[in-house]
Amino acid sequence: MSAPGTMVFADTNEGDQLALLDILDHVLNQGVILRGNLVISLAGVDLVYVGLDVILTSIETAMRHINATSRVTEKTS
Amino acid sequence: MSILLYCVTEKSELPRLGKGVAGLPVLSVEHGEIAGLFSPGTCAEDWKGSPLKESARQFHQVLHRIFESRAIIPFCFPTLMHETPELARHLETNLLEYVAQLEKFRTSVQMDITITQADSARATRQASGAEYLRERQKQSEELDRVASQLCTHADSPTRDWRTRPAQHGLKVFALLDRDSVEVFNSSLQQFRVPPGLGIRITGPWPVTAFLELRQVG
């Protein structure tokens, strides 16, 4: 037998009720993404170079954009 | 040294900005009608010093303080720039985009609804691959059906909806006016949650799921 359905409300105006997971989902995954000339360095060795423009987007439109870019890259490579 | 960015908002009548991540002051750079909020003199060590979750919580508190009274466009945490002139140039370059978004969502907030299945691992217990896929499809259809019912239930105070898959479930985002949050919550409280499902409603949040894609220089 299935467990009964549950509904929980958490108001962002009452910080104690807000789970850390909700906060992390928002501050890490949602909002303006700025990227440009980023070099990630480990022990003096440059590992990643990202040279992109600025995008102002929601997470799902960002994913659509990334997927579309990947398809173009696959076709041209 | 660098600066940590919080958000862009309209510059008029900014509330008291207070302290930010790691106790650093929150300041603003203004251009045209907008302001970019940041903490100066930060380096990665400032926010790596305390646990990341604590820094993220402090970042959220800054955003929340400002969002309480006005629309904001938050930056993802952590977004760093080298110096304030770089932020000023960014605001200048993207002024029209920011103004348009802030204008469009001036009185709007976002509510997040997470629908999860209590037994999301049910599919993985199936004997064959075909059964697994059938079970996954069944679960997905059930989530879509409940999301649709929720949207119908709270349609009156809601101006727009978005959905996206989430771990073990589905996320639904509702766009509504700031003063409609209570009506929205009340209408959902009447919703009968199907057995085996959990629904978590959080908000109000900035309208990040509804910002439109803009490729800006």
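Two strands count as paired if DSSP finds at least two bridges between them, and strands (E, at least two residues) and helices (H or I, at least four) are DSSP runs numbered from the N terminus. With that in hand, welcome to this predicted model, where local features need pLDDT of at least 70, side-chain atom pairs count only at pLDDT 80 or more, and totals for chains, interfaces and linings use all residues. Residues are numbered from 1 along each chain as its sequence is written, while chains are lettered from A and ligands numbered from 1 in the order in which they are written.

Let us start with the sheet. It is open and mixed, with 5 strands in the order S1(A)-S8(B)-S5(B)-S7(B)-S6(B). S1 (6–11) of chain A and S6 (158–166) of chain B each have a single partner strand, so one side of each is left without a neighbour in the sheet. From one strand to the next, the twist averages 20°, with angles running from 0 to 180 degrees between N-to-C directions of axes fitted to C-alpha atoms, for helices over the stretch in contact.

Where do the chains meet in this sheet? S1(A) runs parallel to S8 (residues 197–205) of chain B, joined by 6 bridges; A:Val8, for instance, has B:Arg200 as its bridge partner.

Now turn to chain B, whose domain 1 (2–104) and domain 2 (108–210) come from an automatic or database domain assignment. Their centres, taken over C-alpha atoms, are separated by 30 Å.
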